[in-house]
Amino acid sequence: MPAAEGEDEPERGPLRRCLVTRERLPKEAMLRFVLGPDRRIVPDLAERLPGRGMWLSAKADVIEQAARRGAFAKAVRGEVLVPPDLRATIEDGLRGRIRDLLGFARRAGQAVSGWQSAREWLQAGRVGLLVQAADGSPAEKARLVGHRQVPVATPLDAAELGAPFGRDRAVHVAVAPGRLADRIAAEAVRLDGVKAPTDVARPRDGRKPGADPENLRAPRDAGHGGRDGAAGAVE
């Protein structure tokens, strides 16, 4: 029998119930929140903070509905403080988690950046996930992938993607198959869900996708080397 809204649900199994939609989903597709000492709602993106967890589907409209409808207050049966920039805070936190995971992968020898390096890994069948810059040239990105059946994610812009590799910009990052690739892919899905509609339509720096002049220097086909853009609801 489903729990009533606000009723405690112990954390059992792989599914969690969204406070707003009441759907049960895998927790990898959701966001956990806890109540801070000052009764402020705190996103727990790593799912490690103590306290009862409250869960929402990782979607921008669901986050906004939760704040507007008082879903957190109902869940804890009391007053709460919901930060006005909650969705933006979550988005920034997920971007940071993806950068950190890419840094871990690089240090472990499980990720490389740059057109040529990514191409070599693709040809060798060493790629579990191809991460490409959201503001990179669509034609350039398509040429690199070609007809290969490889998962592709575009969670960050070129400046953010280059940071874990000590570069000003990066457009192509290849990640080896394994747990890190899976975690990056999952975080990319969550990030895509919580982005504001304007963030999805346009890169964060305001440029149109593919307008970066460095990306236009890429080769005309994948056979030549190129440059990487300058290279339960409550637990």
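Arg95 has 3% relative accessibility, so it counts as buried (buried means under 20% relative accessible area, exposed over 50%, partly exposed in between, with a 1.4 Å probe and protein chains only). This is a predicted model, where local features need pLDDT of at least 70 and side-chain atom pairs count only at pLDDT 80 or more, while totals for chains, interfaces and linings use all residues. Residues are numbered from 1 along each chain as its sequence is written, and side-chain values use heavy atoms, leaving out hydrogens and water.

| Pair | Closest N to O |
|---|---|
| Glu91 and Arg95 | 2.9 Å |

Glu160 sits in helix α6 (residues 158-162) and Arg95 in helix α3, so their bridge ties together parts 65 residues apart in sequence. Glu160, at 10% relative accessibility, counts as buried too. Shared partners join Arg87, Glu91, Arg95, Arg99 and Glu160 into one salt-bridge network. Within it, Glu91 and Arg95 are four residues apart in helix α3 (residues 86-107), about one turn of the helix.

Then there's Arg32 with Asp44, both buried. Arg32 is in strand β3 (residues 30-35), and Asp44 is in the loop between β4 (41-43) and β5 (54-57).

Zooming out, the protein has eight helices and nine strands (DSSP runs numbered from the N terminus: H or I of at least four residues, E of at least two). Of its 235 residues, 47% count as buried.

Methods:
Salt bridge = Lys/Arg side-chain N within 4 Å of Asp/Glu carboxyl O.
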